[in-house]
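Here are my notes on this model, point by point. Please read them with the structure open.

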Amino acid sequence: MKYCKSVAIGLLFPLLLMLSGCTSFMDLSATQSLYKGAQYQGAYESLLLESPSLLKKQGPIIVNYDLGILAHLSGNYKESNTYFNESERLIWESYTESVS
């Protein structure tokens, strides 16, 4: 049980930062309200509707990460894994290694 709480807190903190801090120029109040009310499926669906405009403003890594967290909290584990895997792939694709 402690492990589940630790994982949930570890996942929620970055999501709250991203939803509240990085998107001040976008109106995500519907998604935030649903999330704060523990209506994770609704928050997930709301964020899915906003994802095309979010992709332009935040990029696919953050959008996929946010969708992955909300999908996980909604019990959509297969979709969650898909979003997390895509974010990880994009991070590794963007990562450059020094040859020296």
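**Notes on helix packing and the core**

1. Start with the contact between α2 and α3. Ala30, Thr31, Leu34 and Tyr35 in α2 meet Tyr40, Gly42, Ala43, Ser46 and Leu47 in α3. Contact means heavy atoms within 4.5 Å. The residues of this contact divide into six nonpolar, three polar and no charged. Ala, Val, Leu, Ile, Met, Phe, Trp, Tyr, Cys and Pro count as nonpolar, Asp, Glu, Lys and Arg as charged, and the others, Gly among them, as polar.

2. Basis of the model. This is a predicted model, with local features needing pLDDT of at least 70 and side-chain atom pairs counting only at pLDDT 80 or more, while totals for chains, interfaces and linings use all residues. Residues are numbered from 1 along each chain as its sequence is written, and side-chain values use heavy atoms, leaving out hydrogens and water.

3. Overall make-up. The chain has five helices and zero strands. Helices (H or I, at least four residues) and strands (E, at least two) are DSSP runs, numbered from the N terminus. Of the 100 residues, 29% count as buried, meaning under 20% relative accessible area with a 1.4 Å probe, protein chains only. Among contacts with a separation of 6 or more, 52% join residues 24 or more positions apart.

4. Geometry of the α2 and α3 pair. Helix α2 spans residues 29-36 and helix α3 residues 40-58; they pack at about 165°, axes 7 Å apart. Axes are lines fitted to C-alpha atoms, for helices over the stretch in contact, and angles run from 0 to 180 degrees between N-to-C directions. The two are therefore roughly antiparallel (over 145 degrees).

5. Which residues does Ala43 contact, leaving aside its neighbours within four places in sequence? They are Thr31, Leu34, Tyr35 and Leu70. Ala43 has 0% relative accessibility, so it counts as buried. Its C-alpha atom is separated from that of Ala30 by 7.6 Å, 13 residues apart along the chain.

6. The α4 and α5 pair. The axes of α4 and helix α5 (residues 77-94) come within 8 Å and cross at roughly 155°. These helices are therefore roughly antiparallel to each other. Their contact residues divide into eleven nonpolar, six polar and two charged.

7. The core. The largest nonpolar core has twelve residues, including Met26, Ala43, Leu70 and Tyr83. Such a core is a set of buried Ala, Val, Leu, Ile, Met, Phe, Trp, Tyr and Cys residues joined through side-chain atoms within 4.5 Å. α3 and α4 (60-73) each supply at least two residues of this core.

Methods
Parallel < 35°, antiparallel > 145°, perpendicular 65-115°, else oblique. Buried < 20%, exposed > 50% of the residue type's maximum accessible area, 1.4 Å probe, protein only.
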